[in-house]
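Biologist: I would like a close look at one helix pair, with the terms spelled out. The model is below.

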Amino acid sequence: MANYPSNQFKNGLKVMIEGDPCSMVDVEFVKPGKGQAFTRVKLKNLITGRTWERTFKSNETAESADVMDTDMEYLYCDGEMWHFMDPQSYEQVAADKTAVGDAHQWLKEQDKCLVTLWNNNPISITPPNFVELEVTETDPGLKGDTAQGGSKPAKLQSGAVVRVPLFIEQGDILKIDTRSGEYVSRA
Amino acid sequence: MSQLWRATAPLNNLRKRAQIFAQIREFFATRDVLEVETPLMTSAAVSDPYIDTIECRYHPLPGQQEQPRYLQSSPEYAMKRLLASGSGAIYQICKAFRNGECGRRHNPEFTMLEWYRPGFDHHQLMDEVEALVGPVIGMKGFQRISYSALFRQYLKLDLQTATVQELAAITRQHIDIKMEDDNRDNWLNLLMSHVIEPQLADKGAVFVYDYPASQAALSRVAEDPDGQPVACRFELFIAGVELANGYYELTDAAEQAKRFAKDIAQRQTEGLPLRPTDSLLVDALESGMPECAGVAMGLDRLVMLALGTEQISDVIALPFDRA
């Protein structure tokens, strides 16, 4: 594996810190007029999601991490693992609960997701920013109440529950912003 | 076609920059301080171990008889030679160059304002710095705090008694870093830049004065009210940004030569490049430099502060990656 010297640190660089792959979120060169130079880096541990700051001496290096973001198609969940496929090579990977995290509630078969691979194993799943999901369960809309706004819970085909306007009915397809988990519109 | 040809600083920022430069020149004109220029390309380099000089080559004939020259990292040595030559109060706005210093607040080639005031000590010079900087950034009532009071206030640390081990332990409580070092000043600098400076961000303009004697650089050493030896030196922090560094200047030639030797020794120990030191400065002090105070200020940062921007590339038309 390559080693990056501290002057080549930049946002998005993937490095190994104490055995875990990490991504550089913010890189700042610190050099007082008198005194040594340092590079202060905000790191995100790609396994645990923890972010923290670490300071590197100017002659320090960091080992590169074999981390790759790949677009993959979500196939199915077998109850334990979530399966994804590279649409180019048809290669499949299986991600466990830790890697999938909260993303599971937005996954719909055949949707394209960003799969982060470390040494070819999935460590995190990012669903598309917007997904279209069917309402499987919600109270019937109250006619004539739409002008006043208001919302109610609706359960979607992926299992997620979101707040939706009162006029939404079971069977509607909704557009959801997965970053906020909020209803956007009917699809 | 890439967009790298394009200036990074908005035109309005460049106008503000020009206006501030005009304001500075006006300030010194009314105070009868003479604008001077000294060489950018010098035969000696700065001795400070943590400033790496950029080298260039002079050829009397094309490609032949190469002579190393050094791009100045500060006009300090040359301006002191002018003072010793009888210039009286002087100032200079010039480019300074430093290897490796590239980041959000650093450009390897930056603009420095440096001035010297015969008859002033560092406290009088702080008054003048405030008079210049205050109107530019729209701030009044700069605070003053000694280095030891600063460490007491922000870190509950007594610098008179703190050992290197204690400094290292406190640093490691605040900063995730792999560092072993028995140089006390390296820990102090780290605490200053990583722990104290960020806390000065919402404290407006703060002069820190009376540095540890070990960080005297080119300032004289005197006793503080507690009888401790301190460097007659100050730095100005505005919104947590290090803006200026000033000294009640060392005028003792023998002491100057000793400090050069100490820097060289440290460079040797740490395996840093060795370059010729300025014997002409020692000669100038030997022949007699007036008692004076001097200060260097980063003008790019001053413009940043006046505009409230975070990136040095917002105020330099063509920064290093587009130079």
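Biologist: Within what distance do the axes of helix α2 and helix α8 of chain B come, and at roughly what angle do they cross?

Modeller: This is a predicted model, in which local features need pLDDT of at least 70 and side-chain atom pairs count only at pLDDT 80 or more, while totals for chains, interfaces and linings use all residues. Residues are numbered from 1 along each chain as its sequence is written, and chains are lettered from A and ligands numbered from 1 in the order in which they are written.

The axes of α2(B), residues 76-84, and α8(B), residues 279-287, come within 9 Å and cross at roughly 25 degrees. Axes here are lines fitted to C-alpha atoms, for helices over the stretch in contact, with angles running from 0 to 180 degrees between N-to-C directions. That angle makes α2(B) roughly parallel to α8(B) (under 35 degrees). The crossing is left-handed, meaning that the near helix is turned anticlockwise from the far one by less than a right angle.

From α2(B), the residues B:Y77, B:K80, B:R81 and B:A84 meet B:L280, B:L281, B:A284, B:L285 and B:S287 of α8(B); contact requires C-beta atoms, placed from the backbone, within 7 Å. By class, six residues of this contact are nonpolar, one is polar and two are charged. Ala, Val, Leu, Ile, Met, Phe, Trp, Tyr, Cys and Pro count as nonpolar, Asp, Glu, Lys and Arg as charged, and the others, Gly among them, as polar.

As for the setting, chain B has nine helices and 13 strands, which are DSSP runs (H or I, at least four residues, for helices; E, at least two, for strands) numbered from the N terminus. Its C-alpha atoms fill a box of roughly 55 × 45 × 45 Å along the principal axes.

Notes
Parallel < 35°, antiparallel > 145°, perpendicular 65-115°, else oblique. Contact = placed C-beta atoms within 7 Å.
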